[in-house]
Amino acid sequence: MTTTSSLPPPLNYPISISSSSIPCSNPIPKVRPRESVSLLINRCTSLRELKQIHAATIKSNLQHDISVLTKLINFCSLRPSSAMDYAQLLFDQIPQPDVVLFNTMSRGYARTHTPLQALLLFTQMLNLGIFPDDYTFPSLLKACANSKALEQGRQVHCVTTKHGLHRNIYVHPTLINMYVECGDLAAARRLFDQMGRPCVVSYNAMITGYARSSRPNEALALFRELQASNLKPTDVTMLSVLSSCALLGALELGKWIHEYIKKHGLDVYVKVSTALIDMYAKCGSLEDAIHVFERTGTRDTQAWSAMIVASALHGHGERAISLFEEMKGTRIQPDDITFLGVLYACSHTGMVNEGRRYFYIMRDDYGIVPSIKHYGCVVDLLGRAGLLDEAYKFIKELPIKPTPILWRTLLSACGVHGNVELGKRVFKHIFQLDDSHGGDYVILSNMCAAKGRWEDVNHIRKLMKDKGVTKVPGCSSIEVENVVHEFFSGDGTHPQSVELHRMLDELVKQLKMVGYVPDTSLVSHPDMTEEMKEATLRYHSEKLAIAFGLINTPPGTTIRVVKNLRVCGDCHSAAKFISMIFNRQIILRDLQRFHHFKNGLCSCGEYCYSEWLSTGVLTRCSTAPWHVLAVAEFLVLKSLTAWNEQINATLSASALPYIVGRETAKDAWESLEHRYGSLSRSHVIEFKRKKGSSTMQEYLHQIKVIPDQLATCGASISEDDLIL
């Protein structure tokens, strides 16, 4: 006998409700299945939910409904990175797809890592006898642009012309963008000039192309043309315009653009604020970059990264690391660019152990796969610290094939530290990969020349000539009154060339009186006399640009110079003396970083010129008079905690003991501490304020009475201390 029992239903839970038993004045209208699916798709947020909706369409017998499938495919095309495989599955179920479906699929594929799939779909569409419309070609051209497929892009261009759509309002700007992305700026410009009234999208494409191709002047000229056409620029426009200002180092123009951005309300975009930070940093005004960063309401990863990189570029390594730790505290995830800034900061301030640690944190804790740029930062970190063998081993053990750039980084470090043998081995690796870069030959040639190995120098120069390789000329630019002036080494084409050369002739004489010694070892021509070598150094592009700034700007104005290559050691030394004599701040941006010269010091702490300092000019200065201001500016570094260790590591190795007349670096440093312990930075600044000399002769005459004048400032120094 079987017994059954049933539990009572939960309280207030209706088991069944008869619709007839509930009076309703506004009955709920029935929703048709197709409309229900459309509503669900509109609210869908993930591929998993979309699959559930697809299952519901099958239960509702709508799996072959074209409108429903089109909506499902459209959802996938808007999230192409994860859903295009599913979109293709849906597409293949449609026996006769129309042009709208083909366009939707092409749009999705154009945004994936396999954009050329869009071209295969286009071929399939033509084979089915379906004619393209004006919405077909923008996706195809975007696919060619994203894959840098110039030949396929040209073929699509021909098809647009065949169908009479090459002048279409949607197709024409996309054609311009395709040629820009594929690097054919000449073709893009021809198309742009053929437009009767270019739209802002076309302007953006061309301005972006010029900025990416390092043609900032043309980009800014087009921006002015856009303004004159009464078109309203977009945030995309301003990103490229700011990038152009950064390339030129045109701070005043950048400030005007900033005001323009605020006036038109474009500063609400985080990307624009990030571009402003980058522009100010690359134009040499870290203060303005910080100002923008602090007033950016919503800071994303890119904004934090830009500020970290900016601090690193200007030699503020500790600030960059502090910003990174602050960023972690906000729970914003760092990306590969963030860690590039951190590694760069460690590299340029000698924080070797910290650099190693952050490299492994990036890889192990954040799962970021190191790129060639990250590996390059580590090589630079080790190379600058003189750990050349470790850097060589690091490159040899990389999980990827080393690129010429990695080897060049190590070759540059070999040049700084004078390691000819390792430099030759590194050069062979570079030569196997790329033998067309003139800078490689120059670095190795200069290394050999510094060691007196003239046979090697002649061999390298012959090899360079046989390969048809030329050296990239040094070029420095300076912005004065919103005009950017460019100078090349030995330049005689500038309207003020005669005046500049005359000034440099006089200026170098003045610099020599206060301790400057031209480092003629940097000129590797044995057949040249010392005078000829000095003349070559005298008219370097950096000195020409600085001289132009001295002549054409009011006293006390900061001089900002941009160099296309690394600043040479001799110009670095001269800039320090110039900043001291003329009481000017000089901000020099070279290929690798910023140098802030002020009161005879550089923000780099001489870290990047350690070998040059320890074996070159300072050693030779031991036989030259060095008046007390130079001594004071040099010794007062002991009061700067951030640089104290660097100065010990940089100078004590060889130059400092020789200058002071002691056997070891420790003895030399203790001797200087004892002799100049009471001399502080305030004493030097006060003395400078009081000297008030109008001519160099008068200035030098004051050396004889310096002890008395310094005594009034509370310093203790004897006349014997005036000459090292």
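# Close-up views of the predicted model

**Figure 1. I587 and its bridge partner in β5.** The bridge partner of I587 in β5 is H596. Like every view here, this one shows a predicted model. Strand β4 covers residues 586–589, and its pairing with β5 is antiparallel, over 4 bridges. Between β4 and β5 lie 4 residues, and the two strands form a hairpin. Strand β5 spans residues 594–598 and is mostly covered, with 4 of its 5 residues buried.

**Figure 2. The hairpin of β5 and β6.** Strand β6 is made of residues 601–602 and pairs with β5 in the antiparallel sense over 2 bridges. L601 in β6 is the bridge partner of K598. The hairpin leaves 2 residues between these strands, and N599 has a positive phi near 55° there.

Figure 3. At the β2 end of the order, strand β1 (residues 475–480) runs antiparallel to β2, and 6 bridges join the two. C475 counts as buried, because its relative accessibility is 12%, under the 20% limit.

Figure 4. Helix α17 comprises the 13 residues 301–313. At 1.5 Å a residue it should span 18 Å, and its end C-alpha atoms are 18 Å apart, so the two values agree. Of the 13 residues of α17, 11 are buried, so the helix is largely enclosed by the rest of the structure. The buried residues are T301, A303, W304, S305, A306, M307, I308, A310, S311, A312 and L313. They pack against the helices α15 (270–282), α16 (286–294), α18 (317–329) and α19, and also against strand β5. After α17 comes G315, with a positive phi near 80°.

Figure 5. Because 11 of its 13 residues are buried, α21 is largely enclosed by the rest of the structure. Among these buried residues are H374, Y375, C377, D380 and R384. The packing partners of the buried residues of α21 are α19 (336–349), α20 (352–365), α22 (388–396) and α23 (404–417). G386 follows α21 and has a positive phi near 85°.

**Figure 6. I176 in the largest nonpolar core.** The largest nonpolar core has 151 residues, and I176, M307 and L410 touch the most other members. Not counting residues up to four places away in sequence, I176 touches A188, L191, F192, M195, S202, A205 and M206. A second, separate core has 33 residues, including F487, V514, C568 and C604. In soluble globular proteins, nonpolar side chains tend to be buried together.

**Figure 7. S497 in helix α27.** S497 belongs to helix α27 (residues 497–513). Its relative accessible area is 7%, which is under 20%, so S497 counts as buried. Apart from neighbours within four places in sequence, S497 is in contact with D491 and G492. F487 and S497 are 10 residues apart in sequence, and their C-alpha atoms are 9.4 Å apart in space.

Figure 8. The protein has 724 residues, of which 51% count as buried. Its secondary structure comes to 38 helices and 6 strands. Of the contacts between residues at least 6 apart in sequence, 65% join residues at least 24 apart. C448 counts as buried, because its relative accessibility is 0%. The count of disulfides is 0.

Definitions and conventions. Residues are numbered from 1 along each chain as its sequence is written. This is a predicted model: local features need pLDDT of at least 70, side-chain atom pairs count only at pLDDT 80 or more; totals for chains, interfaces and linings use all residues. Side-chain values use heavy atoms; hydrogens and water are left out. A nonpolar core is a set of buried Ala, Val, Leu, Ile, Met, Phe, Trp, Tyr and Cys residues joined through side-chain atoms within 4.5 Å. Buried means under 20% relative accessible area, exposed over 50%, partly exposed in between (1.4 Å probe, protein chains only). Contact means heavy atoms within 4.5 Å. Two strands pair if DSSP finds at least two bridges between them. A disulfide is a pair of cysteine sulfur atoms within 2.5 Å. The expected span of a helix is 1.5 Å times one less than its number of residues.
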